[in-house]
Amino acid sequence: MNHHSFTFSFSFSFSFPIKNGLHARPASLLREWSLKSNTSFIFKNYRTNKEAPSLSILQMISTDTEFNDSCAVIFDRSNVTAEKNLELFKVFFDTEFVSLNKQEMQFQEQHSCTSNTSNTSNAWIDHLVKNIKVPRESVLNGNTLVTGLAIAKPILNLKKRDIHQIDFKNFFNDEYEYKYDGDNNLEILFTIIDELKVDLTSKIKSNNHTTDNILKNHLNILDDPDFLDCIKNKTKGKIWEILIAVHWHYHHIFAKNRSSYLRERFLDVEDICFQLQERLYYKLTKSNHPSPSLSPSLSPSLSPSHPYILITPEITPSEFLSLNLELLKGLVLTKTTATSHTIILAKSFNIPTLCIPDIFDLDGPQIIQIILDCNREILIKNPNPSQIDYYNIEYNFHKEQEQIKEQTLIANNSKVTKTKDNHTISLMVNSSTPQEIPCIAKMNVDGVGVLRTEFLFMERTSPPTFEEQRDIYLSYINGLPNKTIIIRTLDVGGDKEISYLNLPKEENPFLGQRGFRLYKDHKEIILTQLMAIIAAATAAAAETTAESTVRILFPMISNFEETLYIKELISIAKQRQRQRQGLNNNLKIKIGVMIEVPSLAFAMKDLCSEDAAIDFFSVGSNDLTQYFFAVDRNNSNPELNTLYSPYNPALLRFLKFIVDSVHLYGKEISICGELAQLTSLTPILLGMGFDKLSMSLNHIANVKEKISQLTIDKCQTLLSQALNIQTAAEVKSLLDIDINLDLKPSLNRDLDLNLNNDLFTADLIDLNCSYQNRAEIIKALVLLAYKNNRIEFKDIDKLETAIWERENISSTSLGFNVAIPHCRSHYIKSSFMCFLRTTNPIVWNDNPEVNMVFLLAFSDSPDLTTSNSNQHLKVLSQLSRKIIHADFRNKLLILQDKQQCHALFVSQLQNQRSMALPCFH
């Protein structure tokens, strides 16, 4: 279809808003809108002078559209609905399509690599060579694509995959070639396309959202008219040449693209061609055996029964998904980037991945084992058992931490939400579909904070009936017995459109007819909804004498006058429902309003009066934030995005004012939206005094875990600090501090006996360890410090190398089977002492009988006073004096409980007033 054939046309011009250009995801969104609206258009790029029909993702990608290119969509005027469709497209473009840019930036940030710099990597290699005795020639540098650590046998597949890899001519004679010409070719090819589509569709039912999205993208390619037309146009050749021709057709198109990001999207088309070619081989040979293999995953040698690290030049998404992912521990590739779909999949499955351009260095003498250290961007060939044991300490530690975190999150789902000082906090779930009810029921939450009822009204041609709505509301009430269910009435307009409401087209829909503002024009629809809610609540209340658990929440309220209309609607709905049921039921249902419009914050006295009779309030943080700063939260302009910040102290002061105003009149207030589920803001919200926090299901466990680490006093202190600083950046920095450790500078650096600064706790003790050498013990002690929040993850290596710098100067073995490694470093968040005891004596410098090790690590911040600069040496000296006593050492050797061991230190050391060591806890 060519828009030049349009005698007259409707068009909409714009600068392309997506930072990564027009690739598969935005093209799919355009195609989906075209199909959903049952209309087609031409996409035009004026910079490249290329155009494409809306139903072809591949042709749209081929327009080579980049960020800020001058573009247009063009509708055929001969279509009677063209003008209406164009107006609908503008709404779609300004809301859903533009918001894709923000989603993509978040997605890329989520899947970006956070590996160390090359300088850090080189420093770590120097440490390995000097202290762990790793030969320098055994270490290869690379570029981390997915962080993590893997130790396993390598499987090498160094032959690069090629579309010409299957030589069909060796399998078939001329007669056979002739037989499969023309229409027969098409029939066979479309058969295997249908088979592949069925296969991909079956795999989309996985629990991995990333996998599903990539497979859907492959399905879209198989359905693409341009892809299918390309196959039809190549049928004059031999059947096995068709897919090769299609492959090169798109290779040439994508290779011309100026954007490396868009050039990389060709890999998905290539993957499809590979899969079809493999299926064609099976089809023609009627064989179940692998071909001269297109796919490394199909080779028996690449599907081992033991854990392995795959080393291959490249691997497609379909190949990756066909591997045994339980046994695949790591990937080493030569050519790919962090944004390729294969790497995004590897990230979602936590497969450490390293890119090494000189991968053929691994194709030398036999390599039987490798350490893939993607945290430091290196690969170690054939490590010895001691080096493997050293790395296994770190591997097992992080594996254990991941398991603990997962178990903690699962446990938190069923626990009552309480702070560290035993204050119960009310958590609720935002819900949009009844399918979530079983999951909500398994969680120990107080109910549904916002039941978004829009799902009942959207994607249909008429409003839901009274019976439909009543049954859905009852499913929540019955499925979550004794839980509060807050049902938000219909909230559409702005970014949510319903065709049968015939909403007006507005220049600024977020500032126009949306939420409650639509109710007078659609009164009967709202009354039906209210009647259904009342009927469900009445039916549930008939089985109990308790107060109704159902509440009604009205969105987008701006002033007191609107609450009077709420009372009128509720009164009419109750009256109609009484007449409908023939009952005189005066069930009390609490009524609430959402605080999204800033003006409502200054009407609390009126809203809480008997005239308004509002029972509770809910802050809709997303909309309130955008209206407070006058910035559309979906705006793709990076400069404007910085204005929309939940950390801005002005917004926090406004929220505190709202909470105080509501509580002044004895009413309840909750908060929902992004702010409620940001764990960094949890202490602020608790400090403000919100009665309830409501969030999506997948954030409940993390917020519960955060709350369990907090005390109300500390939350209020942190809030007070946040309200008295000036910028969002300062607030963000303040919240990044782990307030559980109370790391105030004066406490970290002043080591007076009277101060309580948690230098040493029972959690910093590790008894009966089986480590074999000094390197393993230092590694274990550093990880123990990280586990107890004394250092950041990014500083683990720096602390370890700092300890080794001191070790390499002189022996830290004290004698008496004791060693005291020590250091000062500004990487340390909080000064600490660790104690570790081994089951067997190990060699420590010149002492072969060490079985007790103390690590002293002191903060060395720039503002450390001169008088305190040698405190670690004073502590070392005093500790050494105590260790000289045999009775003290003997007790340390026999105690089997960390708490008892810690108590011994308290009793023996706390009363030494001459010792510059702080109180132990």
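This is a predicted model: local features need pLDDT of at least 70, side-chain atom pairs count only at pLDDT 80 or more; totals for chains, interfaces and linings use all residues.
Local features were taken at pLDDT of at least 70 and side-chain atom pairs at pLDDT 80 or more, whereas totals for chains, interfaces and linings use all residues. Residues are numbered from 1 along each chain, and side-chain values rest on heavy atoms, without hydrogens and water.

Eight strands form a closed barrel in the order β13-β14-β15-β16-β17-β18-β19-β20, with parallel pairing. Strands are DSSP runs of E of at least two residues, and helices are runs of H or I of at least four, numbered from the N terminus; two strands pair if at least two bridges are found between them. Neighbouring strands of this sheet are turned by 25 degrees against each other on average, direction ignored; axes are lines fitted to C-alpha atoms, for helices over the stretch in contact, and angles between N-to-C directions run from 0 to 180 degrees. Strands β17 (residues 590-595) and β18 (residues 616-620) run parallel and are joined by four bridges. In this pair, Val593 stands opposite Phe617. Helix α21 (residues 621-629) packs on the sheet and touches β17, β18 and β19, contact being heavy atoms within 4.5 Å. The direction of α21 makes about 65 degrees with that of β18.

The largest nonpolar core has 102 residues, of which Phe554, Phe617 and Phe690 touch the most other members. Such a core is a set of buried Ala, Val, Leu, Ile, Met, Phe, Trp, Tyr and Cys residues joined through side-chain atoms within 4.5 Å, where buried means under 20% relative accessible area (1.4 Å probe, protein chains only), exposed over 50% and partly exposed in between. Helix α18 gives the most to this core, with 13 residues.
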